[in-house]
Amino acid sequence: MLLIRNGRLIDPASGTQGERDILIQNGTIARIAPHLRDGDLPPAEKENDSLSVLDAGGLAVMPGFVDTHSHFRDPGFTEKEDLKTGAAAAAAGGYTTVILMGNTRPPVCTVETLQDILRRGALTPIHLLSCANVTRNMEGRELTDMRSLRAAGAACFTDDGRPILDAALLGQALRNARELDVPVSLHEEDPAFVPNPGVNAGGRAAAHLGLTGADRNAEISMVRRDLGIAVSLGAPLCIQHISAAESVDLVRAARRKNPRIHAEATPHHFSLTEEAVIRKGTLARCNPPLRLERDRQAIVEALADGVIDIIATDHAPHTAAEKARPFAQAPSGMIGLETAFSLGLKNLVLPGVLPLSQLVADLTVNPAAFYHLPAGRIAAGAPADLCIADLHAAWSVGPDFASKASNSPFIGETLPGVIRYTIVGGRIVYQSQRRQPR
């Protein structure tokens, strides 16, 4: 048994905020009360089930974070990341549940590949789930067997990294998703508008690099088309890593007609603009690219008013050698699991844009609800998956990470909020060794 005493409980699902004690037994939350005395505790069921006490005085106790968009590169690209190191990065960031993307080698378009990932993921200390691909080999020509993949445990369907250009094919995928009651999650960039990926077209960064860049219409055109299909079908759809103000407006209008439509905001898109590309080079190269301040503000405003209610990291590790290539030849993406919560505090909560409880909801109960996951809440009988953080402490980012990779544009920054403990199934799987910056 584990007893967490004196923590400030923040549970957006129930609206609870305040000092509580939490008793965990057999991997689930047994009791929550303002003060649990020794007489309130049940006797140990087994001799080795002795009581451990964790004093969380001065700390925030939150549901374990849920990331619905991560790349662990396993199988096929384990020089970048693997299930073990990705899970360690997740735990260090307060994440207890992660959905993996399927642009692996082989891609996740067969039951065999999916089951292999889920089997090995079950050996990690967190809850590792996986999507399956919408189309076979992510080629956009033929649908996978979505029914069999869902039955085998696919948490969602996506060809992340590639758009689905065939509108009729996407329409059938969304019909299947509606029948199976499972989200389809889409990367929205039409390659016809992307001569040079990873940098915003027509901006200072593209001019600095001498590149044409990725036009905002690459995203806007696909978002407009796909939202129209999802609205007409009443299907569950998530727009991934939204980057353009016009896309935000389209999502806002579509959600009025179909509340099963959602969009992700990544920490880098609500924290940075294309100016980061000039300063950080390939570390700030991502797809879709960082854009203008007005785009960043549109994403922030959508988070504030609930149009965007899911924060997803798009954790995308690459090797140092890959990121050392010239900008046009380097891969896109950055790691994000270990910095996400702190970036939310810095850029959303501390400026007064979001209350802390809303940030926590966007990291927990909201993604869990949309993806039908047994996560994201602190209640008696719920899984004992928790994140305990010191909101008053700060830490210096990198260059050492729990992730195998270190491709972050935030290296060297001091960020607020230190994850002190991550607990999964009542077991402490991460305890912070971070030191305060001098």
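Predicted model: local features only at pLDDT ≥ 70, side-chain atom pairs only at ≥ 80, totals over all residues.
This briefing walks through selected strands, a helix, a pocket and a few backbone details of the structure above. Strand S1 (residues 2-11) pairs with strand S4 (residues 52-55), with strand S2 (residues 16-25) and with strand S5 (residues 60-63). Helix H1 is largely enclosed by the rest of the structure, and the largest pocket has a volume of about 720 Å³.

**Strand S1 and its partners**

- Seven of the ten residues of S1 are buried, so this strand is largely enclosed by the rest of the structure.
- S1 and S2 run antiparallel and are joined by eight bridges; within this pairing, Ile10 has Gln17 of S2 as its bridge partner.
- Four residues lie between S1 and S2, which form a hairpin. Gly15 sits in the turn and has a positive phi of about 80 degrees.
- With S4, S1 runs parallel, and four bridges join the two. Here Leu2 has Ser52 as its bridge partner.
- The pairing of S1 with S5 is also parallel and has two bridges, with Arg8 standing opposite Ala60 of S5.
- As a reminder, strands of a sheet pair through backbone hydrogen bonds, in either a parallel or an antiparallel manner.
- Asn6 belongs to S1 and has a positive phi of about 70 degrees, although it is not a glycine.

- Asp74 is in the loop between strand S6 (65-70) and helix H1 (83-92). With 9% relative accessibility, Asp74 counts as buried, because buried means under 20%.
- Two polar partners are worth a look: the side chain of Asp74 makes a polar contact with the side chain of Arg120 at 3.0 Å, and a polar atom of the Asp74 side chain lies 3.2 Å from the backbone nitrogen of Leu83.
- Leaving aside residues up to four places away in sequence, Asp74 touches Asp82, Leu83, Thr104, Ile117 and Arg120.
- The peptide bond that joins Asp74 to Pro75 is cis, with omega about 15 degrees. Pro75 lies in the loop between S6 and H1.

**Helix H1**

- Eight of the ten residues of H1 are buried, so the helix is largely enclosed by the rest of the structure. These buried residues are Leu83, Thr85, Gly86, Ala87, Ala89, Ala90, Ala91 and Ala92.
- The elements covering the buried residues of H1 include strand S7 (95-100), helix H2 (111-121), strand S8 (127-130), strand S14 (414-424) and strand S15 (427-431).
- At the start of H1, a side-chain oxygen of Asp82 comes to within 3.0 Å of the backbone nitrogen of Lys84.
- After H1 comes Gly94, which has a positive phi near 90 degrees.

**Ile99 in strand S7**

- Ile99 lies in S7 and is buried, at 0% relative accessible area.
- Ile99 and His69 are 30 residues apart along the chain, and their C-alpha atoms are separated by 5.8 Å.
- Not counting residues up to four places away in sequence, the residues touched by Ile99 include His69, Leu129, Cys131, Cys156, Tyr371 and Leu373.

**The largest pocket**

- The volume of the largest pocket is about 720 Å³. Among its 28 lining residues, Asn103, Asp160, Gly161, Asn287 and Ser332 are the closest to its centre.
- By class, the lining has ten nonpolar, eleven polar and seven charged residues.

**An open four-strand sheet**

- Four strands make an open sheet in the order S9-S10-S11-S12, with parallel pairing. Its edge strands are S9 (184-186) and S12 (310-311), each pairing on one side only.
- S9 and strand S10 (residues 237-239) run parallel and are joined by three bridges. In this pair, Ser185 stands opposite Cys238 of S10.

**Other backbone details**

- A cis peptide bond runs from Gly398 to Pro399, with omega near 5 degrees. Pro399 is in the loop between strand S13 (386-396) and S14.
- Met138, found in the loop between S8 and helix H3 (146-151), has a positive phi near 55 degrees in a residue other than glycine. Met138 is buried, with 7% relative accessible area.

Methods
Residues numbered from 1 in each chain as written. Heavy atoms only, no water. Buried < 20%, exposed > 50% of the residue type's maximum accessible area, 1.4 Å probe, protein only. Pairing = 2+ DSSP bridges. Polar contact = N/O pair within 3.5 Å; in protein donor to acceptor, adjacent residues only side chain to side chain. Contact = heavy atoms within 4.5 Å. 1 Å grid on protein atoms, 1.4 Å probe; cavity = no way out; pocket = protein on both sides within 12 Å on 5 of 7 lines; lining within 4 Å. Points joined across faces, edges and corners; volume = space filled by probe spheres on them. Nonpolar A, V, L, I, M, F, W, Y, C, P; charged D, E, K, R; others polar.
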